[in-house]
Amino acid sequence: MADKELFKEVYRHSLAHILAKAVIELYGADTQYAIGPQIEDGAYYDFVLPEGKKITEDDYKTIEDKMREIIKRREDWTRKVVTKAEALEIFKDQKFKTELIVDLPEDETITLYYTGEDYVDLCRGPHVDNSQELMNVSFKIHSNSMAYWRGDEKRDRLQRVYFYAFPNKDELKNHLNMIKEARERDHKKIGAELDMFMFSETAPGMPYWLPRGWEFYQTLMKYSREIQAQHEYSEISAPLINNKRLWLISGHWAHYLNNMFIVPGIEGSVSADVNIDDVVENAQTSDELKRVTLSAGTIVYNREALDTMAAKPMNCPNAMMAYKRKVHSYRDLPLRYSEYDVLHRKEKSGQMNGLFRVQEFRQDDDHTFVMESQIKSEIADIISIADEIYSTFGVSYRAELSTRPDDFMGDIEVWNRAEKALKEILDDKYGEGGYEINEGDGAFYGPKIDLQIKDALGREWQCGTVQLDFQLPHNFGLTYTAQDGTEQMPVVLHRAIYGSLERFIGIIVEHFKGAFPFWLNPKQVAVVPIRESHNEYAHKVEDALKAIGIRTEADYSDKNMRNKIKEFKLFKDPYILVLGDKEAEENTVSINVRGSNKQIQNVPLDKFVEVCDMLNKKRQLNLVDEF
């Protein structure tokens with residue numbers, strides 16, 4: 001086991017036991033302790049404390065001191081194998097441990113770990129042999145939160161205590177600095193400061209896009225549309241609410257119902273394991289019950305049940321319907337349908353997180369219909385689009401290939417050919433071994449390539465994806481006429497580069513810390529006339545910029561010039577123009593450049609307009625600070 005892996009699997013997990021022992025010693029033997037797994041940067045443990053007791057931030061140091069005291073005892077860790085009956089007796093006063101033990105299979109080997117003689121935990125291990133092995137480990141409790149037992153909001157409410165843990169003080173210090181920087185970059189904080197978006201309890205997880213934020217959003221979509229137009233994509237838009245029948249065909253009703261917003265109505269009973277080939281044609285049209293015989297079984301429907309509606313969580317079925325509206329030939333393919341419609345997905349309240357996890361969002365979605373022979377060239381073109389878009393934002397990325405799972409659908413030979421094509425694309429692009437392969441992690445309907453982008457803090461985010469789909473064309477009965485006159489089924493490529501625009505915006509806000517490139521900034525130029533007598537010239541400057549599409553704002557009030565400049569600086573406008581007598585007389589501008597303390601004077605207006613136009617067209621990352 002590599003040192004890093006050893007630390008994560010053994011040391012952090014062992015520290016979680018130390019945390020539990022410390023909490024029990026501090027808060028009493030009646031403390032109920034649940035689970036304490038290691039995580040990416042430390043570990044946590046879940047507790048129910050004796051009545052009236054609660055851990056707060058003021059208690060963190062006390063708990064840390066108790067953990068260090070326990071470690072200094074140099075207690076041995078003892079592994080013991082017990083029967084289920086013995087385990088139940090040992091943990092008879094611990095309800096969560098008892099439940100876990102009861103749920104174990106009869107033939108499961110049950111292991112316990114003792115830390116000293118007075119603390120025992122139900123655990124597979126492995127762990128350290130003695131607490132002294134943890135003496136040089138650096139750790140810090142950083143937060144606590146409420147959690148539900150087994151993630152079920154109807155079960156017990158637990159108090160979860162988190163800590164960071166690293167092999168030494170320097171690594172912990174570096175991590176704490178990174179966490180501090182991440183908090184300063186928090187998109188929720190910056191988004192509020194820049195007045196880009198807001199949330200309201202009247203629409204949980206559904207952002208309100210304010211004028212500045214909506215300018216930003218529209219700029220992202222405009223860029224995406226321009227790139228897609230160059231690659232011969234056609235944009236469609238479809239209903240946001242669809243009849244249950246559509247979701248039955250697509251399989252979402254069986255596999256995704258819990259994440260869908262249902263329009264009030266009578267819902268039919270549908271077996272989740274039934275594959276529905278064609279409900280639209282077979283569903284009855286009267287109020288009488290009718291038995292509909294399907295390939296995988298028989299289900300009873302009535303008209304009211306099939307009239308239930310649902311807000312769409314994905315665009316896929318609509319794209320299938322758009323394709324199916326007419327007969328296609330091989331000459332029509334590839335056929336690329338992009339879509340930016342609003343999507344809705346139900347999330348648990350505890351899972352929503354700013355723009356990163358929302359209930360309403362858009363994607364730069366596309367569904368491309370191809371012949372099997374076109375898969376390789378089409379995906380290569382998609383990768384080239386990802387290259388262009390990600391480089392424009394100054395982010396790097398890496399690719400992951402997920403292959404055929406055990407529950408795959410379709411012909412194994414088609415899968416083999418598809419995976420071979422994807423590997424060849426990735427080998428050509430990144431070199432053999434230049435990407436990660438996740439064996440068996442593909443979707444049941446096809447293999448996929450995921451693109452993980454890296455931000456300014458080195459964090460990775462899965463944004464782009466290309467997924468091959470053999471299932472939906474089958475479900476919807478999609479065909480095309482091949483060159484030899486036979487009827488064939490197309491393959492569908494699901495593709496996104498931004499992914500969720502909301503999530504991508506959250507990532508980009510944090511990546512740039514709110515100081516966006518000129519072409520992307522909500523407002524690109526701010527105009528500050530020094531006095532009201534300079535307003536006429538300021539209007540001229542503003543009009544010249546707006547004429548070439550520069551997003552401009554101005555303050556024509558009689559407020560102090562410095563106050564005007566300060567307000568625009570808070571919004572991180574790239575250029576603030578200060579206009580007085582000299583500028584008006586000479587047709588020039590004086591420029592405050594974001595991030596610089598210097599003021600650039602005597603810049604001809606037409607030169608400044610030319611530079612702004614260039615920055616927009618080139619989508620340059622850095623500002624020009626010399627004119």
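The largest nonpolar core of this predicted model has 58 residues, and among its members Ile379, Tyr390 and Phe393 touch the most others. By nonpolar core I mean a set of buried Ala, Val, Leu, Ile, Met, Phe, Trp, Tyr and Cys residues joined through side-chain atoms within 4.5 Å. Buried stands for under 20% relative accessible area, exposed for over 50%, and partly exposed for values in between, with a 1.4 Å probe and protein chains only.

Which elements each supply at least two residues of this core? They are helices H7 (211–230), H13 (375–392), H14 (412–430) and H16 (501–512), together with strands S21 (396–402), S23 (448–454), S24 (460–469) and S27 (491–496). The largest share, eight residues, comes from H13. Helices (H or I, at least four residues) and strands (E, at least two) are DSSP runs, numbered from the N terminus.

Ile379 is in contact, meaning heavy atoms within 4.5 Å, with Leu422, Ile425, Ile449, Val466, Leu468 and Leu493, when neighbours within four places in sequence are left aside. A second, separate core comprises 40 residues, including Val10, Tyr114, Leu134 and Ala165. In soluble globular proteins, nonpolar side chains tend to be buried together.

The model is predicted, and local features need pLDDT of at least 70, side-chain atom pairs count only at pLDDT 80 or more, and totals for chains, interfaces and linings use all residues. Residues are numbered from 1 along each chain as its sequence is written, and side-chain values use heavy atoms, with hydrogens and water left out. The predictor's confidence in each residue, pLDDT, runs from 0 to 100. Its mean over the protein chain is 90, and 92% of the residues reach 70 or more. Over residues 266–303, however, pLDDT stays under 50, and the model has 72 contacts beyond four places in sequence for them.

I turn to a sheet. Three strands form an open sheet in the order S4-S5-S6, with antiparallel pairing; two strands pair if DSSP finds at least two bridges between them. Strands S4 (77–82) and S6 (119–122) stand at the edges with a single partner strand each, so one side of each is left without a neighbour in the sheet. Between S4 and S5 (residues 110–115) there are six bridges in the antiparallel sense, and Trp77 has Thr115 in S5 as its bridge partner.

The last topic is aromatic residues. A pair of aromatic rings is described by the distance of the centres and the angle of the planes. Rings of Phe, Tyr and Trp (its six-membered ring) pair if their centres lie within 6.5 Å; planes under 30 degrees apart count as stacked, over 60 as edge-to-face and the rest as tilted. How many aromatic pairs does the structure hold? There are 28 aromatic pairs. For Tyr337 and Phe369, the ring centres are 6.0 Å apart and the planes stand at 75°, so the pair is edge-to-face. This pair links distant parts of the chain, since Tyr337 lies in strand S17 (residues 335–339) and Phe369 in strand S20 (residues 365–370), 32 residues apart. Tyr337 is buried, at 5% relative accessible area, and Phe369 is buried at 0%.

Phe408 and Trp415 also form an edge-to-face pair, with 5.8 Å centre to centre and 70° between the planes. Phe408 is partly exposed at 28% relative accessibility, whereas Trp415 is buried at 0%. Finally, Phe197, Phe199, Trp209, Trp214 and Tyr217 form one aromatic cluster.
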